Amino acid sequence: MPTVPPSPLSRPAIAAAALRVLEREGVHGLSMRKVAAELGVQAPSLYWHVRNKEELLDLLSDALMADAEAPLPEGPWRDQLREYCVRYRRHLLDRRDAAKVVAGRLAPGPALLRLMDDQLGRLRAAGFSDPDAAMVNYLLGAFVQGFVLQEQGPLSASEAMGASRREAADAAGAQLAALPPETFPHLTALAGELTGPAMDERFAFGLERLLDGLAVLLDRQDHPTAPEGNHP
């Protein structure tokens, strides 16, 4: 009696197939059926390895980070965290709908565990307390993911229908500038400032202000203020 060949399915193979479907069809086109077809099997075969689409997304979120590279552990903590965020944004932008998959999802696999542990180690080495290091780790990820979600969403129907982002922003700026200034004095005065900056400039501004806040937090840890009533 001939032996049955082993199944080619495995969680790594399923993750790789899901990555291909995601790149081709986006997160809205991702399904268990399409991943199974990518592997040349029927969808029920996948359920031995992932029970539903949510577990598939857990698997996919870690696979998306498998080739992410942490910055070199050199220089001041602020420079290291800045480079972490810059690299993370670029990584998400380079992979279709990656931010939509990973945003808000904590499904630790080997890739995510490696990056999280590395970043937490840097934060602790910089002097952040353990509770603050954990909070900062979450905050940095949420900032980058949220920013990428914003910049990948269409500004308006015109961009969704084919206009460039710059064209959509300029149209929005012109609309703001044309408002009656007696009713909207600040919107009309700042129309260009609201819609003019490119996304790289907006990201850099937000990231620097976030790092400014972390520097204040770290300084307060190093130089705590004496409680009221304890002065001589």
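The lining of the largest pocket comprises 15 nonpolar, seven polar and eight charged residues, where Ala, Val, Leu, Ile, Met, Phe, Trp, Tyr, Cys and Pro count as nonpolar, Asp, Glu, Lys and Arg as charged, and the others, Gly among them, as polar. The model is a predicted one, in which local features need pLDDT of at least 70 and side-chain atom pairs count only at pLDDT 80 or more, while totals for chains, interfaces and linings use all residues. Residues are numbered from 1 along each chain as its sequence is written, and side-chain values use heavy atoms, with hydrogens and water left out.

A pocket here is an open set of points on a 1 Å grid over the protein atoms alone, where a 1.4 Å probe fits, with protein on both sides within 12 Å along at least five of seven lines; lining residues have an atom within 4 Å of a point. The volume of the largest pocket is about 740 Å³, a volume being the space filled by probe spheres set on the points, with grid points joined across faces, edges and corners. Its lining has 30 residues, and Met65, Tyr88, Leu112, Gly141 and Gln145 lie nearest the centre. Two or more lining residues come from each of α3 (53-63), α4 (77-93), α6 (110-126) and α7 (130-152); helices are DSSP runs (H or I, at least four residues) numbered from the N terminus.

Ala111, Leu115, Gln119, Arg122 and Leu123 of α6 are buried (under 20% relative accessible area, with exposed meaning over 50%, for a 1.4 Å probe and protein chains only). Viewed down the axis of α6, these buried residues fall within an arc of 100°, so they line one face of the helix; the arc is that of the directions from the helix axis to the C-beta atoms. Pro110, Asp117, Arg124 and Ala125 are exposed on the other side of α6. The buried residues of α6 pack against α3, α4 and α7, contact meaning heavy atoms within 4.5 Å. Gly127, with a positive phi near 110°, follows the helix.

The second largest pocket has a volume of about 260 Å³ and a lining of 14 residues, with Leu155, Arg165, Ala169, Met199 and Arg202 nearest its centre. By class, this lining divides into nine nonpolar, two polar and three charged residues. At least two lining residues are supplied by each of α7, α9 (165-177), α11 (191-195) and α12 (199-222), and α9 gives the most, with five.

Within α11 sits Thr195, which counts as buried because its relative accessibility is 14%. Leaving aside residues up to four places away in sequence, Thr195 touches Arg166, Ala169, Ala172, Gly173, Leu176 and Arg202. As for α12, its 24 residues reach 35 Å from first C-alpha to last, close to the 34 Å expected. The buried residues of α12 are Met199, Phe203, Leu207, Glu208, Leu210, Leu211, Leu214 and Leu218, and they pack against α4, α6, α7 and α9.

Turning to α1 (residues 11-25), Ala15 lies in this helix and is buried, at 8% relative accessible area. Ala15 and Ala63 are 48 residues apart in sequence, yet 6.3 Å apart in space, C-alpha to C-alpha. Beyond residues up to four places away in sequence, Ala15 touches Leu59, Leu60 and Ala63.

Key. Expected span 1.5 Å × (residues − 1).
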